[in-house]
Amino acid sequence: MSQDKPASDFRYDTGEARVPWAAVGEHLANEDLMRIIRFLVRPQAGKEAEYEARAASVEAALAELWEVSGPATKLSLGATVSKLEAEAKEFLGCKYACFLTNATAGFEIALKYANIGPGDEVIVPGISFISTMTYALQSGAKVVFADLDPNTINMDPADVARKVTDKTKAIVPVYIGGYAPDMDAIMEIAEARDIVVLADAAHAFGGKYKGKAAGTVAHFGSYSFHEVKNINALGEGGLLVTDLDFGQYFPQCRFLGVDMAKQVENWLYDVIAVPGKYGPFVAGNHSSTEIQALCLLGQMQRLQAVIDTRRANAEYLNERFSEVEGIIPAPLDTDEIKGTYHLYLLRVDHELIGQDVQVLKQKLEARGVVQIPHFAPLYKYQLCRDLGYDSDAIAATCPNTEMVFNHQFTHLPLYPLSQQQLEYMADAVIEAVEEMKAGK
Ligand SMILES: *Cc1c(COP(=O)(O)O)cnc(C)c1O
């Protein structure tokens, strides 16, 4: 196999072929591009006529551009994806990085490396997004739920230590809201037992843990660039990273056991079962596009500014809430942990206030304040009940998870809000909490 060949615009080196093989079937035409521009750059209400006039001039300018241009000859897994991966590796300081369809695909690859399946156990935190546990469930492994540190709602290593068994093959800590869990303690438990640690770093791109990039402390880290995250890859995208030698197989993990960056010499021999930790596994197809990578490369340039704005918003909220007894301040940056401020963790002292966060949520909703509702105890999802998990029995083993979910926390958005919106949100929370304290 020609290992050193750079990514080519063509999967097959057609050389002097009289009938070349093109990587792209139908090329993008001007009308396709205009449809994309009209989708991404939408008319403002009341400005439709002006929009049409300007869109027509853009279309004419594009037609002129075509006169001196040719179409892209590679749309999937080419030089732009490679460039993104190179830049991400440098930014994160890790050995291997693989751009994927989404973070969930990264979880699948890392857990396939651990060869999880029936009879194995995978420990996840009590609260996260469903995708933290889906591949483990899919594989037939048993998912075990660790309790949380109520201050961060991240996985509590002490409970991981209690729940780890000889069957535990993987631990999946989550950087919820982009704030690091106690990774050193989790790694210590895992390394003593040769357990694979996969960080769900979906929120954590650009964060830090003890001087290292968030998501690079565990054996694997998987970041999300879905549209709701701090930066995105045209709506969907993920990046899996590792320092393990296994990272050399990332290209094969991404595309059905074949490395598409190299020339495939013989399809019968170059398609492999990927060597996992305990045995070979079959790779799926998680390929992403050049355009997604291009979008992400651009947004990466603005990442620090994005995080700075979000941090300033979180600091403002903490300052406002510090005046109010009963609101617990959200964790901000420390010497060791730098967050990405993907979400604001709003917690109340329900005992002091005399009412639950459930009442606060209703009061905020009535005031038009958006909250992010999909971070809930994973064992309460119908999915787990359908698979025979006993939600009540598990709840009894996760007292902090139950306490913070039922009584204490919700998530507020931190994305670029206008100063008025931010102030309105702070006012609304303070008013609502004061009402609750007054027994209203
Ligand atoms: C968004 C998210 C994911 C999934 O990311 P995808 O890129 O959509 O697969 C996983 N975990 C958490 C905590 C998330 O918020």
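Colleague: Is the crossing of helix 1 and helix 2 left-handed or right-handed?

Modeller: The crossing of helix 1 and helix 2 is right-handed (the near helix is turned clockwise from the far one by less than a right angle; anticlockwise is left-handed). This is a predicted model, in which local features need pLDDT of at least 70 and side-chain atom pairs 80 or more, while totals for chains, interfaces and linings use all residues. Residues are numbered from 1 along each chain as its sequence is written, and side-chain values use heavy atoms, without hydrogens and water.

Colleague: Which residues make the contact of helix 1 and helix 2?

Modeller: Contact means heavy atoms within 4.5 Å. Helix 1 contributes Asn30, Leu33, Met34, Ile37 and Arg38, and among those of helix 2 are Tyr51, Glu52, Ala55 and Trp66.

Colleague: At what angle do the axes of helix 1 and helix 2 cross?

Modeller: The axes of helix 1 (residues 30-40) and helix 2 (residues 48-66) cross at roughly 140° and come within 10 Å (lines fitted to C-alpha atoms over the stretch in contact, with angles from 0 to 180 degrees between N-to-C directions). The two helices are therefore oblique to each other (under 35 degrees is roughly parallel, over 145 roughly antiparallel, 65 to 115 roughly perpendicular, the rest oblique).

Colleague: How do helix 3 and helix 10 cross?

Modeller: Helix 3 (residues 79-92) and helix 10 (residues 290-321) have axes that come within 8 Å and cross at roughly 30°. They are therefore roughly parallel, and their crossing is left-handed. Ala79, Leu84 and Phe91 of helix 3 are among the residues in contact, as are Ala293, Leu297 and Leu303 of helix 10.

Colleague: How many aromatic pairs are there?

Modeller: The count comes to 12 aromatic pairs (rings of Phe, Tyr and Trp, its six-membered ring, with centres within 6.5 Å; planes under 30 degrees apart are stacked, over 60 edge-to-face, the rest tilted). Phe145 and Tyr379 have ring centres 5.5 Å apart and planes at 75°, so this pair is edge-to-face. Phe145 lies in strand 4 (residues 142-146) and Tyr379 in the loop between strand 18 (376-377) and helix 13 (382-386), 234 residues apart.

Methods. Helices (H or I, at least four residues) and strands (E, at least two) are DSSP runs, numbered from the N terminus.
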